[in-house]
Amino acid sequence: MRKFAAEEGLQLVHIEILQYLSVSNRYSNTTQVISEYLGQTKGSISQSLSHLQEYGFIKRTQDNNDKRVFHLSITTKGLSVAERLLDSINLDGPEDLEPALKVMLATIQRKNGLRSFGTCLSCKYNQNPGKNLFVCGLTKEKLSTNDVKKICKEHEPATSTSI
Ligand code: SF4
């Protein structure tokens, strides 16, 4: 990722933010949550966000209900960087190791008091009242088929090992 960032003329943290915003849902796109996800201070993340906004990789939108909250979203330009990142890294590995790896990672997160940041599909709050119909049991809001594939700060594993 560091090599890819250099090739794009960006810093590693910029790439990490773009990758995160390309896969996170609407409850998880604030400066605070990005700081938590990347394990960095809010101040340092804020600087990186300003840079990304200035160069058109992301945009900032005020929350409709709480004017103190701003949501960050990835632009088409930012998304193309995140897509190039995926193309540049070969993440294929032995499929038979994947379940054990997931259990190990979930255990480490749990033991260290970290959020699981999983997708709705493995969350205990995810309700599925009909075909392709999803509702978040925590926020009571409807989720689209695209929403349920995104990672979320409120995620709670449906089982003790799922992420
Ligand atoms: S179902 Fe879980 S993961 Fe999905 S939006 Fe609700 S809390 Fe987040």
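1. Which residue stands opposite Phe134 in strand 5? Leu143 stands opposite Phe134. Strands here are DSSP runs of E with at least two residues, helices are DSSP runs of H or I with at least four, and both are numbered from the N terminus.

2. On conventions: this is a predicted model, in which local features need pLDDT of at least 70, side-chain atom pairs count only at pLDDT 80 or more, and totals for chains, interfaces and linings use all residues. Residues are numbered from 1 along each chain as its sequence is written.

3. The sheet is open and has 3 strands in the order 3-4-5, with antiparallel pairing; two strands pair if DSSP finds at least two bridges between them. Strand 3 (126-130) and strand 5 (142-143) stand at the edges with a single partner strand each, so one side of each has no neighbour in the sheet.

4. Strand 3 and strand 4 (residues 133-136) run antiparallel and are joined by 3 bridges. Gln127 has Val135 as its bridge partner in strand 4, and Asn126 stands opposite Cys136. The hairpin of these two strands has 2 residues between the strands, and Asn132 takes a positive phi near 55° there.

5. Between strand 4 and strand 5 there are 2 bridges, again with the strands antiparallel. This hairpin has 5 residues between its strands, and Lys140 in the turn has a positive phi of about 65°.

6. Ala, Val, Leu, Ile, Met, Phe, Trp, Tyr, Cys and Pro count as nonpolar, Asp, Glu, Lys and Arg as charged, and the others, Gly among them, as polar.

7. Helix 2 (residues 12-23) and helix 4 (residues 42-54) have axes that come within 10 Å and cross at roughly 75°. Helix 2 is therefore roughly perpendicular to helix 4, a label for angles of 65 to 115 degrees. Axes are lines fitted to C-alpha atoms over the stretch in contact, and angles run from 0 to 180 degrees between N-to-C directions. Val13, His14 and Ile17 of helix 2 meet Ser48, Leu49, His51 and Leu52 of helix 4, where contact requires C-beta atoms, placed from the backbone, within 7 Å. The classes in this contact are 4 nonpolar, 3 polar and no charged residues.

8. The axes of helix 2 and helix 5 (residues 76-88) come within 9 Å and cross at roughly 100°. These two helices are therefore roughly perpendicular to each other. Helix 2 contributes Ile15, Leu18, Gln19, Leu21 and Ser22, and helix 5 contributes Gly78, Leu79, Val81, Ala82 and Leu85. By class, this contact divides into 7 nonpolar, 3 polar and no charged residues.

9. Domain 1 (2-88) and domain 2 (98-149) are given by the domain assignment, which is automatic or from a database. Their C-alpha centres lie 21 Å apart. In the contact between them, 4 residues of domain 1 touch 4 residues of domain 2. The domain 1 side has 2 nonpolar, 1 polar and 1 charged residues.

How values were computed:
Contact = placed C-beta atoms within 7 Å. Parallel < 35°, antiparallel > 145°, perpendicular 65-115°, else oblique.
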